[in-house]
Amino acid sequence: MTQPDADPSPGLSYLIPAYNEEHSIGTTIERLKSILSTLDMPWEIVIINDGSRDGTLAAAQAHDGVRVVSHPTNIGYGSALKAGICAARHQWIGIVDADDTYDIEQIPTLVEQMRAGFDMVVAARSNVLDLDRPVKRQFRRLLIAFLNLVIGARIEDPNSGFRIFTRDLAMTFFPFLCNTFSFTTSLTVFALGERYFVKYVPLPYFKRSGKSKVRHFRDSLRMMQLVLQGITFFNPIKFYLMMVVGLLVGFLVPSAILLSQGAGPLAALWFGFGAVSALMIGLGVLGDIIRISAIGRDKRG
């Protein structure tokens, strides 16, 4: 992906990733054009057709005043957004889904907060838990609690797909941003973890039109992997401290209990397994840091 020269003005490039959204992409584009035209700043709309197999591409190309980036096959929500970021011409990047779930007309509110000096403004979905099914609702709560514990910052809505952020913020963490639906979560985690200025704006969320493409279990596992990779790169001491605590709680304490019960061989086996696992994970993390550092040097070169 090549990145064009950025406009030095604080313009806004609004990205719409779309995969099989032929029934709603047209409405989304028109709503977006209507509200962006009221802003006193340069703007553009970039549609990323991520290998749609329906009429999404034709529907997007039928609208004047938009740019379309089209992928021959589907490579994922996060990858589509990365392609859009690389193609964007302006310093501020906005994203919104093409499924009619967000109140696009509230973009001026997000822009106002960006002008106040924030690096990212997120439309926090105030009613998303009410729309979730019971199992998904509990899973979302556990995910937010886990992220708050790991990052040490308040995360209100980690994966809202309606937000504005600076290009510099996205490019800083580009190798770590998830290629799937957890792109927004990883961006939120790294921004807060590195103490960027993040603002949440509570807004309503609506049921999507069409069928969701999210694969919650797979995407969440991938997101947690990338979050841990990011922590080890930007704050490796925190990761190793977390690993030490895990070793103590998960292996040392149980081994001590087994030893006190006369199960010495089992205690030694359990603690040995934990120690070897921790060593292998530590070596893997170190190798990953070297890999990411090499990628960064290649891009700067």
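The legends below describe several close-up views of a predicted model.

**View 1. Strand 2 and its pairing with strand 1.** Strand 2 covers residues 43–50, and because 7 of its 8 residues are buried, this strand is largely enclosed by the rest of the structure. Strand 1, made of residues 12–18, pairs with strand 2 in the parallel sense, and 7 bridges are found between them. Within this pairing, Ile16 stands opposite Ile47 of strand 2. Together with helix 1, which spans residues 25–36, strand 1 and strand 2 make a right-handed β-α-β unit.

**View 2. Strand 2 and its pairing with strand 3.** Strand 3, residues 67–71, runs parallel to strand 2 and is joined to strand 2 by 5 bridges. Arg67 is partly exposed, with a relative accessible area of 25%, whereas Glu44 is buried, with a value of 8%.

**View 3. The largest nonpolar core, around Phe165.** This core holds 39 residues, of which Leu15, Ile85, Met120, Ile151 and Phe165 touch the most other members. Helix 8, residues 183–193, gives the most to the core, with 6 residues. Leaving aside residues up to four places away in sequence, the residues touched by Phe165 include Ile85, Trp92, Met114, Met120 and Leu187. A second, separate core of 33 residues includes Ile47, Ala123, Val201 and Leu203.

**View 4. The salt bridge between Asp100 and Arg31.** The side chains of these two residues meet at 3.8 Å, N to O. Asp100 lies in the loop between strand 4 and helix 4, and Arg31 lies in helix 1, so the pair ties together parts that are 69 residues apart in sequence. Asp100 is partly exposed, with a relative accessible area of 26%, and Arg31 is partly exposed as well, at 22%. A network of salt bridges links Arg31, Asp100 and Glu105.

**View 5. The salt bridge between Asp157 and Arg125.** The closest N and O atoms of this pair are 2.8 Å apart. Asp157 lies in the loop between helix 6 and strand 6, while Arg125 belongs to strand 5, so the pair ties together parts that are 32 residues apart in sequence. Asp157 is buried, with a relative accessible area of 4%, and Arg125 is buried, with a relative accessible area of 10%.

Methods
Residues are numbered from 1 along each chain as its sequence is written. This is a predicted model: local features need pLDDT of at least 70, side-chain atom pairs count only at pLDDT 80 or more; totals for chains, interfaces and linings use all residues. Side-chain values use heavy atoms; hydrogens and water are left out. Buried means under 20% relative accessible area, exposed over 50%, partly exposed in between (1.4 Å probe, protein chains only). Helices (H or I, at least four residues) and strands (E, at least two) are DSSP runs, numbered from the N terminus. Two strands pair if DSSP finds at least two bridges between them. A crossover is right-handed if, with the strands pointing away from the viewer, the path from the first strand over the helix to the second runs clockwise. A nonpolar core is a set of buried Ala, Val, Leu, Ile, Met, Phe, Trp, Tyr and Cys residues joined through side-chain atoms within 4.5 Å. Contact means heavy atoms within 4.5 Å. A salt bridge is a side-chain nitrogen of Lys or Arg within 4 Å of a carboxyl oxygen of Asp or Glu.
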